[in-house]
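Dear colleague,

Please find below the structure for your own work.

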Amino acid sequence: MPADKNTNPYATKLDPEEADRFRIISGRANPALAQTMANELGVPLGDVFISDFPDGEIDIKVNDDVRGRDVFIIQPTCPPVNQSVVELLLLIDCVRRASADRITVVCPYFGYARKDRKDEGRVPISAKVMANVITEAGADRVLAVDLHAAQIQGFFDIPVDHLYAKPVLISHFRKLVMDNPVVVSPDVGGVKMARAYAKDLSADLAIVDKRRVSAQETVVEAVIGDVEGKSVLIVDDMISTGGSIAEACRIVKKFGATKVFVGATHGVLCGPARERLENSGAEQIFLTDTIPNPNPPKNVKIVSIAPLVAQALLRIHRSQSVSDLFNENNKSLKNR
Ligand code: R5P
C-alpha cells in the first residue's frame, strides 16, 4: 500500500479512500482496546460473530467484506490464553480464505513469550511454536508491544513491528513527585528496559537480584545500586502473579527507599496478583491496557496504549516508518 505523497504523515485518522481499503477486527481477548483504536482512526470496528460450541470449540464468522482489504486483527494472547490463541488462528484463517489482501496480526501482549529458549532438557520453546502457528495460519506481518525478549522477533520469518509502551508510561511517570529518582529493574533480564527509562527520566539505575524458584515463587536477596533515601520507580514488561513486583517493593523499602512507584506494560494479573499489589506498599502502579483489567487493584492506574498502536496501524497501512513514531521529535502522540 504505497503512501500517497500528499498524505499528512501525522494525520491521526484515515481518509475515506484509505478507510475503504482498511479493516480492523477483534477477537474476544480485548475488544475495548480494538474499539478505542478504531475510534482513534475514525473507522468502524469490523463485524465479527464469535461464540463457543457446546464442546468448547470456537465458532467464527466475519460478516464484513474483507476481499482485497488491508486487514488488522486485534488479539492479545492473554488469559484465557489458549482460547485467545486458537481464536486468533481461526480469525487469520477466516480472513485469509476470504481473500484479504494483507493480514497484520496485532498482538499487543504476546503470550507464551517467557518460554523463549530451551533452558533444560525436554522442554518446548513455546514462543517459537506460537510464531510458527501464527505464520502458518496466514499472517503477513505481526505487531507486538514490549515482547518479553526482543529476539522473539526473529522467531518469525515475516515482518514484526515491535512497539514500546515507554512513551505512554513515561508521560505519566513525569507527573510523579520523585525526589532523587532511581529506576529499578526487578531482575537482571529487565535491565535494558529499566536503563532506557532511567535515561529518559535522568534517574539513577538499580537492579534487584531476583532468583526464580518456581513459576509462582521468586527469592530476592539483594539490590545492586543505591536506593536509600530515594524515590524508586520499578519498571517491568509484565506483572503476572505480582510476586516479582511485591518482592522488589519489599527489598527496596528494606534498603531505605522513601517512595515506591511501579510501571509495567502488561497487566496479566493472575492468581494472588491483586492482593500482592494492594499490599506491596507501592503508592501507584501504572499498567497499560494491552490486557483488559476492568476492575484493577486499588493502587493500579490503567493508561491506554490505543493511540500509539492506532498510529502504528495507520503507518503500516500507509507504508510509512513505524520507528519514526518513537523519535523524540515526533509530536503526534504528545499532549494526549
Ligand atoms: C520476568 O522475567 C518478567 O519480566 C516478569 O518479571 C515476571 O514474569 C513477572 O511475573 P510475576 O508477576 O508472576 O512475578
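How far is an oxygen atom of the ligand from a polar backbone atom of serine 240? The distance is 2.8 Å. This is a polar contact, that is, a pair of N or O atoms within 3.5 Å; within protein, one must be able to donate a hydrogen and the other to accept it, and residues adjacent in sequence count only if both atoms are side-chain atoms.

The model is predicted: local features require pLDDT of at least 70 and side-chain atom pairs pLDDT 80 or more, while totals for chains, interfaces and linings use all residues. Residues are numbered from 1 along each chain as its sequence is written, and side-chain values use heavy atoms, with hydrogens and water left out.

In total, 14 residues surround the ligand, Ser244 and Thr241 being among the closest (a residue is near if one of its heavy atoms lies within 4 Å).

Domains. The domain assignment gives domain 1 as 16-164 + 306-325 and domain 2 as 167-303; such bounds come from an automatic or database assignment. Their C-alpha centres are 28 Å apart. At the interface, 15 residues of domain 1 are in contact with 13 of domain 2 (heavy atoms within 4.5 Å). The two domains bury about 1200 Å² between them, 62% of it on carbon and sulfur atoms (accessible area, 1.4 Å probe, lost on putting two parts together, summed over both). Tyr109, Arg114 and Asp146 supply 40% of the area that domain 1 buries against domain 2, more than any other three residues.

Six residue pairs are in polar contact across this interface, both residues at pLDDT 80 or more.

Yours sincerely
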